[in-house]
Amino acid sequence: MKDVLLLTKLLFKSSLNKSGSKKESKIGKIILYLFVYSYIGGLVAYMSYICILSLKPLNQEILFLKMCFSASILLGIIQTLFTSLNLLFFSKDIENLLPLPISPLKIIMAKFNCLIIAQYFISIVFLAPLFITYGILLKCELLFYIIRIINNFIIANYTCCSICFSYNFSNEIY
């Protein structure tokens, strides 16, 4: 298990294209990432605010959650499809990892962990502003936020597992 966690950390850092140059400022990167996240989060929150306010006179606020659930599954499938293709099939690190004294199963487990971490990140970036806006506008209790967090983790795991198992199943057919 320790090997899988270390390999996951290594693969995740390499997938972020971290270069070894010391000239780049870490504080500058953090500020840039916070600015981009706040910009995207603000746009998503504003659009969800407009959508919720338009559904409120019709007493159909729950329709917004259903649309977000469907959109998150669709976004998760598309993102997982492209990420898993790059991470599992087209990455060039397999040639470097196979000669190491690590079993191939541990390598695949570490790659799958990276895939799930990327899915969690995308899910948090796009769904957190939606659900925070929904919760504030409709004055939801703490239980709503807890259920949404659990739901996001289930969606991310479901999409990653379904895409990876479909790859495995399609290889068995052909």
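Predicted model: local features only at pLDDT ≥ 70, side-chain atom pairs only at ≥ 80, totals over all residues.
**Exercise 1. Overall make-up and confidence**

Task: Describe the elements of the chain and say where confidence is lowest and where it is highest.

Solution. 
Step 1. There are six helices and zero strands, so the order from the N terminus is α-α-α-α-α-α.
Step 2. Of the 174 residues, 30% count as buried.
Step 3. Among contacts with a separation of 6 or more, 80% come from residues 24 or more positions apart.
Step 4. The mean pLDDT of the chain is 79, and 84% of the residues reach 70 or more. Confidence is lowest in α6, at a mean of 70, and highest in helix α2, at 88.

**Exercise 2. Helix α2**

Task: Compare the reach of α2 with its expected span, then list its buried residues and what covers them.

Solution. 
Step 1. Helix α2 covers residues 26-55. It has 30 residues and reaches 43 Å from its first C-alpha to its last, close to the 44 Å expected at 1.5 Å a residue.
Step 2. The buried residues in α2 are G41, V44, S48, I52 and L55.
Step 3. An α-helix has 3.6 residues a turn, so residues three or four places apart point the same way.
Step 4. The cover over the buried residues of α2 includes α3 and α5.
Step 5. M47 also belongs to helix α2, but M47 is exposed, with a relative accessible area of 57%. The C-alpha atoms of M47 and T133 are separated by 9.7 Å, although these residues are 86 apart along the chain.

**Exercise 3. The salt bridges**

Task: How many salt bridges are there, and which parts of the chain do they connect?

Solution. 
Step 1. The count is two salt bridges.
Step 2. One of them joins the side chains of D3 and K106, at 3.3 Å from N to O. D3 lies in helix α1 (residues 2-15) and K106 in helix α5, so this pair ties together parts that are 103 residues apart in sequence.
Step 3. D3 counts as partly exposed, at 35% relative accessibility. K106 is partly exposed too, with a relative accessible area of 27%.
Step 4. D93 and K111 also meet through their side chains in a salt bridge, at 3.0 Å from N to O. This pair links distant parts of the chain, with D93 in the loop between α3 and α4 and K111 in helix α5, 18 residues apart.
Step 5. Both D93 and K111 are buried.

**Exercise 4. The surroundings of K111**

Task: Which residues does K111 touch, beyond those up to four places away in sequence?

Solution. 
Step 1. K111 is placed in helix α5, which runs over residues 104-137.
Step 2. The relative accessible area of K111 is 1%. Buried means under 20%, so K111 is buried.
Step 3. Leaving out residues up to four places away in sequence, K111 touches L11, L87, L88, S91, D93 and I94. Its partner in the salt bridge, D93, is in this list.

**Exercise 5. A nonpolar patch**

Task: Which residues make the nonpolar surface patch, and is I150 buried or partly exposed?

Solution. 
Step 1. The accessible surface of the chain comes to about 12,100 Å², and 73% of it belongs to carbon and sulfur atoms.
Step 2. A nonpolar surface patch of about 590 Å² is made by L142, L143, I146, I147, I150 and I154.
Step 3. I150 is found in helix α6 (residues 142-173). With a relative accessible area of 48%, I150 is partly exposed.
Step 4. A caution applies here: α6 is where confidence is lowest in the chain, at a mean of 70.

Notes:
Residues numbered from 1 in each chain as written. Heavy atoms only, no water. Helix = DSSP H or I, 4+ residues; strand = E, 2+ residues; numbered from the N terminus. Buried < 20%, exposed > 50% of the residue type's maximum accessible area, 1.4 Å probe, protein only. Contact = heavy atoms within 4.5 Å. Areas by Shrake-Rupley, 256 points an atom, 1.4 Å probe, with all protein chains shown as cover. Patch = residues over 30% accessible without salt bridge, like charges linked within 9 Å, V, L, I, M, F, W, Y side chains within 5 Å. Salt bridge = Lys/Arg side-chain N within 4 Å of Asp/Glu carboxyl O. pLDDT = per-residue confidence, 0-100. Expected span 1.5 Å × (residues − 1).
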